[in-house]
Amino acid sequence: MSKNHKRSKRLKSEKAKVKLKAKTVHQLTKGLNATDTSFKVKKILIREQLKQRDETEVLSIRKLNIDDLLTRFRHHNSSVRQDALKQLKDILLQNPPKSLHSRLNSLLHGIAALSLDKEKEIRTNSFHALNFILGLISNEQLTPLREIIISYLSCAMTHIDPRVKEDSLLFLDVLVQNCNSVLAKDSHKILPNFLGMICKLHNEGSSVAQLTTTLHSKNTNVKWRIKVLERLANLFTSIVSYRKLCIGTRSSMPLFVKTKKYTRFIPVYSDSAIQFCEINLDEDISIDNREKETLPIEEFVKYVNLLMPLMSDIWLEVCPDEKIESYTEITILSETAALLKNVIVIMQSIVEYIDTLDQDDYSVKRMKHWFKDTFHEKYMKNFLSRFPYGKIKPLINESRKRQKDFSQMEFTEGCLEQNLGVCQIHIWFTSLFNCNEQFPKSVRNYCISILKYLNGIIENWYNSSTLPQLTKLLKTLFLKAGPVWYSNCINLNHTLRLIIEASSRLPNKELQSHLYLIIGDIMLNSNLNELHREKIFESFVTILPSLLLKPSIDDVVIRMIGQIVLRFKEWIREELIAKHESIIENAKKIDIVGTHDDKQSRLMIYNLFYFVDSHIYY
């Protein structure tokens, strides 16, 4: 019974399975089972690099010309774009620059467009190629094409991709290195992009800005702002350099006096050097064109009104607490010191640009007083209240320590460049006071503390890398602010004595030349009567002939001595007569540093004795 039950159960399971229908095989009719041996033929296309080329045409290793490579810059595949850029760089290296001048327009278009590429390696290589091209051409050749460069730079600086925006700073580095004048001419297009990288305006056209955070997590706020401010400082330096170049070019041209409807007199007597003037009562178009080459004063004031508060806000984010004791050094981190350096350079460039403006213009005078009244007090509160600053030394080859171990050790070094810059800006602010105007108590106290710090630096001078900053500070102190400080009973006698002693004591020839020039400028400036009364000057003038007996002398020192001899010959006459023959003999073999005409420099030494023997050497 059990066997029959199992059998019936198995039969039921077999019947329950889905049965597939068997395929019916259709037999092919005769003739259809034969193999088809026919085939289709297409036209064979020869690749571009195998085509016959002109022997004079510039080709890459793979026989591609510049047009072919520029076309591949727009290819969807990043490897193709990268390879085309590499081949173009090889062409630029192997061919003379003159052969590529006719293709500058297309080359700049194609390479600059790659600055917006989504691949970082392609962007970086495009900057290298652009740097190479711009290094081969002059500013005159680039001027008609500068719109191309500036347009792509603006696109990169305002790009939606934060990586492209960050690399736009590398793009700007290339332009700063190769074409400063182009940046200066179009600075009004670039400055708003800088502001957009670190701040956000509350309303369009508003003078109030709010700091923004970093682009992405790889950069901290401080590191990103250091990158942006470093490039902004370079841009302002370019603007100031170009402004000075324009002023130097104009000084060699006839001076035009532009008249307007309300003009009632011609400024014959002014603070500027006396020149021949051509008075044109009609509208002179050439003057307008020269004025438009630099940043208009209205635009400049607008950017300054944004930048100065912004610099203070950036500094207040990272600066330490206000110090309690006077003359003690506040220690800051290395990143903070780098940020402070860039902020100081930007502020100094703003100050320097103001000094290049026409000082006789009423609008410029009004702007300078507005600048002082608006920003001087805030500057003292934010920067001088913690002065001077010191920087924490980075630890090199030190074993890892616990956090509590660092609190027991001192790793500090001075921020000399930053401190000198802070001093120079405050001194410049004080030069805007009238001579009969008394300093407020806070201004006077900071002046005294700065003078004490400066005297200590000059007495223990050791750092030649900060010499330009020291020179700038001393020129501002003596040539601009000196009369105002004396009218406020702040005596500069001790500082002047230290400078004269340092000029003869220190072995650094470059420092000596700079100090001699500063002293010479002080002596030849007719407005510094208080300084001229100092007895130290007379003793300094008497040692000048001994400089002409040394084995070497700087050309600028010879010129300075020649001017001082004309004005203070009573002080120097006896020394010159006593060393007459020795100076004439040494002039034949003395090594003159920095001269453009060796013969002319030696003739200047000979002609110092004109008032002795009435002989002119030529």
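These legends go with a set of close-up views of one predicted model. Local features need pLDDT of at least 70 and side-chain atom pairs count only at pLDDT 80 or more, while totals for chains, interfaces and linings use all residues. Residues are numbered from 1 along each chain as its sequence is written, and side-chain values use heavy atoms, with hydrogens and water left out.

View A. Aspartate 186 sits in the loop between α9 (180-185) and α10 (187-198); helices here are DSSP runs (H or I, at least four residues), numbered from the N terminus. With a relative accessible area of 2%, aspartate 186 is buried (buried is under 20%, exposed over 50%, partly exposed in between, using a 1.4 Å probe and protein chains only). Skip the neighbours within four places in sequence, and aspartate 186 is in contact (heavy atoms within 4.5 Å) with Arg146, Glu147 and Ile150. Lysine 189 makes a salt bridge with aspartate 186, the closest N and O atoms being 3.9 Å apart; the criterion is a side-chain nitrogen of Lys or Arg within 4 Å of a carboxyl oxygen of Asp or Glu. Lysine 189 is partly exposed, at 31% relative accessibility. Arg146, Glu147, Asp186 and Lys189 are linked in a network of salt bridges.

View B. The structure holds 20 salt bridges. In one of them, the side chains of glutamate 166 and lysine 227 meet at 2.8 Å, N to O. That pair links distant parts of the chain, with glutamate 166 in α8 (residues 162-178) and lysine 227 in α11 (residues 221-251), 61 residues apart. Glutamate 166 is buried at 16%, and lysine 227 is partly exposed at 27%. Another salt bridge joins lysine 480 to aspartate 355, with the closest N and O atoms 3.8 Å apart. Lysine 480 is in α19 and aspartate 355 in α14 (residues 334-356), so this pair ties together parts 125 residues apart in sequence. Lysine 480 is partly exposed at 40%, and aspartate 355 is partly exposed at 25%.

**View C. Phenylalanine 371 on phenylalanine 429.** There are 14 aromatic pairs in the structure; rings of Phe, Tyr and Trp (its six-membered ring) pair if their centres lie within 6.5 Å, with planes under 30 degrees apart called stacked, over 60 edge-to-face and the rest tilted. Phenylalanine 371 and phenylalanine 429 are stacked, at 5.5 Å centre to centre and 15° between the planes. Phenylalanine 371 belongs to α15 (residues 362-382) and phenylalanine 429 to α17 (residues 416-431), 58 residues apart. Both are buried. They also belong to one aromatic cluster, whose other members include Trp315, Trp370 and Tyr389.

View D. Phenylalanine 433 and phenylalanine 439 have ring centres 5.0 Å apart and planes at 75°, so the pair is edge-to-face. Phenylalanine 433 is buried at 8%, and phenylalanine 439 is buried at 10%. Lysine 372 lies over the face of phenylalanine 433, 4.3 Å from the ring centre (NZ of Lys or CZ of Arg within 6 Å of the ring centre and within 35 degrees of the ring normal). Elsewhere, arginine 243 lies over the face of tyrosine 353, at 5.8 Å.

**View E. Helix α21 and its cover.** Helix α21 (residues 493-505) has 13 residues and reaches 18 Å from its first C-alpha to its last, close to the 18 Å expected (1.5 Å times one less than the number of residues). Its buried residues include Leu496, Ile499 and Ser503. Among the elements covering the buried residues of α21 are α18 (441-459), α19 (467-480) and α22 (509-524).

Definitions and conventions:
Helices (H or I, at least four residues) and strands (E, at least two) are DSSP runs, numbered from the N terminus.
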